[in-house]
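Please open the model in your viewer and keep the selection tool at hand. The tour below goes from stop to stop, saying each time what to select and what is found there.

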Amino acid sequence: MFAPANPQTACGMWSLTYIFALVAVLGMVALGLVASRKMGEKTIFKTILIITIVAWLSEFGKMLFVGVTYGVDRIEWVPLYFCSLFMYSGILASITKVQWLKTTGLSFLSMGGIIGALAFFVYPSACIPNYPIYHYMCLRTMLYHGSMIYVGLLVLIKGCYKPKAKDFLNYFVALFVVGILAYVINTLTGSDLMYISKPLAFKISQMAYNFCPQAYPFVLLILQIVVPFWVSFAIYQLMQLIIKKTKKKEDNIYVYN
């Protein structure tokens, strides 16, 4: 469960084992949402806080594993990847009394977090190709990203946050500042926080990097900020429209009868 990386015994991306694990996690998300259907707003934010604390503890566990197994110099002391922002946003959403900070946290949990987690599940390149599914690193990352989907959907379904187009400004500024900080750290240390300083394992990413490596980090950062928010916002608006039309149709049937 805490062995070093070994591709020979690893789960492997989109292996049958991974598919079973993914179905199990998504099933847990669905069960969690059903169990949460009667939650009040206060309980929801307490739940978000508890999940956020557990996420941070799991991150410290990851640091401990990396330090003991590979050396202290391999530890990433400041978790600054797109999905890592779930831990910071959970704190902003559940603790802060400053409304714009709370809104910023909620906007990431719902508009960024769900898409980010789904993107990871589609391309789980971090741990799945290197460790068996029962390894701490795999179990942690699967449950972590499942929690991102659960929290994001919970906030939207229960109406704790109703996305507005104007919220994009706070969302953009917050993530851009994080991205610039990640870029500075990457430049100084050679790391790849936010996955913006090195090309991804996609041909189009490698072509873009080779075309202009200086601009690549900033273009990728902007895409990471813009695409998840507006895709999520469009889906949310579409679902609201469908719900509204369905409700109107049901009301008309009731009146007719």
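**First stop: a partly exposed tryptophan**

Select tryptophan 14, which is partly exposed, with a relative accessible area of 42%. This is a predicted model, and in it tryptophan 14 has a positive phi of about 60° although it is not a glycine. The residue is found in the segment before helix α1, which covers residues 16-35.

Now select tyrosine 195, which likewise is not a glycine and yet has a positive phi, here of about 55°. Tyrosine 195 has its place in the loop between α6 and α7 (203-211), and with 40% relative accessibility it counts as partly exposed.

Select glutamate 59 together with arginine 140, whose side chains meet in a salt bridge with an N to O distance of 2.6 Å. Because glutamate 59 lies in helix α2 (residues 41-70) and arginine 140 in helix α5 (residues 136-157), the pair ties together parts that are 81 residues apart in sequence. Both glutamate 59 and arginine 140 are buried, and the count for the structure comes to 1 salt bridge.

The structure holds 23 aromatic pairs. One of them is seen by selecting tryptophan 56 and phenylalanine 60, whose ring centres are 5.9 Å apart and whose planes stand at 35°, so the pair is tilted. Both residues lie in helix α2, 4 residues apart, which is about one turn of the helix. Tryptophan 56 is buried, with a relative accessible area of 16%, whereas phenylalanine 60 is partly exposed, with a value of 46%.

Next select phenylalanine 168 and phenylalanine 172, whose ring centres are 5.8 Å apart with planes at 55°, so that this pair is tilted as well. About one helical turn separates phenylalanine 168 from phenylalanine 172, because they are 4 residues apart in helix α6 (residues 167-189). Phenylalanine 168 counts as buried at 16% relative accessibility, while phenylalanine 172 is partly exposed, with 25%.

Cysteine 127 is buried, with a relative accessible area of 9%, whereas cysteine 212 is partly exposed, with 27%.

**Last stop: a nonpolar surface patch**

Finally, select Val219, Leu223, Val227, Val231, Ile235, Leu238, Met239, Leu241, Ile242 and Ile243, which make a nonpolar surface patch of about 860 Å². Valine 219 is found in helix α8 (residues 216-256), and it is partly exposed, with a relative accessible area of 48%.

Conventions
Residues numbered from 1 in each chain as written. Predicted model: local features only at pLDDT ≥ 70, side-chain atom pairs only at ≥ 80, totals over all residues. Heavy atoms only, no water. Buried < 20%, exposed > 50% of the residue type's maximum accessible area, 1.4 Å probe, protein only. Salt bridge = Lys/Arg side-chain N within 4 Å of Asp/Glu carboxyl O. Helix = DSSP H or I, 4+ residues; strand = E, 2+ residues; numbered from the N terminus. Patch = residues over 30% accessible without salt bridge, like charges linked within 9 Å, V, L, I, M, F, W, Y side chains within 5 Å. Areas by Shrake-Rupley, 256 points an atom, 1.4 Å probe, with all protein chains shown as cover. Phe/Tyr/Trp six-rings, centres within 6.5 Å; stacked < 30°, edge-to-face > 60°.
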